[in-house]
Amino acid sequence: MFYCNGYLHNARRDTLTPGTAFLVTVVVVVYGAVIELLQLYVFTWRGAEWADLFCDTVGACMATFCILVITTAVKNVKA
């Protein structure tokens, strides 16, 4: 959600397009995957799990959905 909020603030936009929302979600999921790979190969005292990556993906999708709903609601209230 913070990444989406920062994007909206820097781009000076009121809404998030579906294409941008998809791109933001992919970036966040890839970030989660990189963290899991680091846990597997670099930080050997930590364990990498598919369940963690799945939860990261679900969380990213839920956050993006919330941003889409909130920005659409705010846009409709302002109109």
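1. Trp 45 counts as exposed, at 67% relative accessibility. Exposed means over 50% relative accessible area, buried under 20%, and partly exposed in between (1.4 Å probe, protein chains only). Phe 43 is partly exposed, with a relative accessible area of 36%.

2. A word on the source. This is a predicted model, where local features need pLDDT of at least 70 and side-chain atom pairs count only at pLDDT 80 or more, while totals for chains, interfaces and linings use all residues. Residues are numbered from 1 along each chain as its sequence is written, and side-chain values use heavy atoms, with hydrogens and water left out.

3. Back to the rings. How many aromatic pairs does a search of the whole structure find? The search finds one. Phe 43 and Trp 45 form this pair, and it is edge-to-face. The centres are 5.4 Å apart, with 70 degrees between the planes. Rings of Phe, Tyr and Trp (its six-membered ring) pair if their centres lie within 6.5 Å; planes under 30 degrees apart count as stacked, over 60 as edge-to-face and the rest as tilted.

4. Now the overall layout. The chain has three helices and zero strands. Its pattern along the sequence is α-α-α. Helices (H or I, at least four residues) and strands (E, at least two) are DSSP runs, numbered from the N terminus.

5. Next, burial and surface. The chain has 79 residues, and 20% of them count as buried. Its accessible surface comes to about 6000 Å². Carbon and sulfur atoms hold 71% of that surface. The areas come from the Shrake-Rupley method with a 1.4 Å probe; for residues, only the protein chains shown count as cover.

6. Helix 2 covers residues 18-41, which is 24 residues. It reaches 35 Å from its first C-alpha to its last, close to the 34 Å expected at 1.5 Å a residue. The expected span is 1.5 Å times one less than the number of residues. Buried residues in helix 2 include Thr 20, Ala 21, Val 24 and Gly 32.

7. Look at Glu 36, also in helix 2. Is Glu 36 buried or exposed? Glu 36 is buried because its relative accessible area is 9%. Beyond its neighbours within four places in sequence, Glu 36 is in contact (heavy atoms within 4.5 Å) with residues including Gly 47, Asp 52, Leu 53 and Asp 56.

8. Ala 63 lies in helix 3 (residues 50-78). Ala 63 counts as buried, at 15% relative accessibility. Ala 63 and Ala 21 are 42 residues apart in sequence, and their C-alpha atoms are 10.0 Å apart in space.
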